[in-house]
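Colleague: I am new to this structure and would like to learn how to read it. Could you show it to me first?

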Amino acid sequence: FVRQYGDQVDEVYMGHVMEHLMPGYAVTLLRLLNDRLRPGTVVSVVTPDIRAIFEAYLAGDVHHAQLNASVVDSHVQPDQPVWSYTQPALAAPFRPAVRRARRR
C-alpha cells in the first residue's frame, strides 16, 4: 500500500505493530515509509512500555500470572511480540531513517 499510495498519505498510525518486528525489520519499515511518504507526513507508533509494565509488576499492581499471560507468554494476542520497548528505545529505529533522509 505504501509503495503504491504513499504520496497520498497524510498520516500513518502503527498501533502495536513495532513490537512484532525485530529491530532490523523495524528500521527497514521506517526507511520504506521515509522513502515513500511525502515530507511532513505524521508517523505515530504505539507499543507496550516494558519498563512501565515491569514497574507495575514490581509494585504489586500486576501479578505474576498476569505478567506471564499478557506479556511473557501472551495468549491474549494472536501474534507473539518479539521485541520490547521502553520509551527511549522506541526512538532508536527511527534514527537510521532520519539520518538517511538528511543525507539526500
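Predicted model: local features only at pLDDT ≥ 70, side-chain atom pairs only at ≥ 80, totals over all residues.

Colleague: In which sense do E1 and E2 pair, and over how many bridges?

Modeller: Two strands pair if DSSP finds at least two bridges between them. Here strand E1 (residues 11-15) and strand E2 (residues 42-46) are joined by five bridges, in the parallel sense. Strands (E, at least two residues) and helices (H or I, at least four) are DSSP runs, numbered from the N terminus.

Colleague: Which unit do E1, helix H2 and E2 make?

Modeller: A crossover is right-handed if, with the strands pointing away from the viewer, the path from the first strand over the helix to the second runs clockwise. E1, helix H2 (residues 23-36) and E2 form a right-handed β-α-β unit. The order of elements in the protein chain, from the N terminus, is α-β-α-β-α-α-α-α.

Colleague: Why does Val82 count as partly exposed?

Modeller: Buried means under 20% relative accessible area, exposed over 50%, and partly exposed in between (1.4 Å probe, protein chains only). Val82 counts as partly exposed because its relative accessibility is 42%. The residue lies in the loop between helix H4 (64-72) and helix H5 (87-91).

Colleague: What is Val82 in contact with, leaving aside its neighbours within four places in sequence?

Modeller: Contact means heavy atoms within 4.5 Å. Beyond those neighbours, Val82 touches Glu19, His20, Leu21 and Met22.

Note on methods: Residues numbered from 1 in each chain as written. Heavy atoms only, no water.
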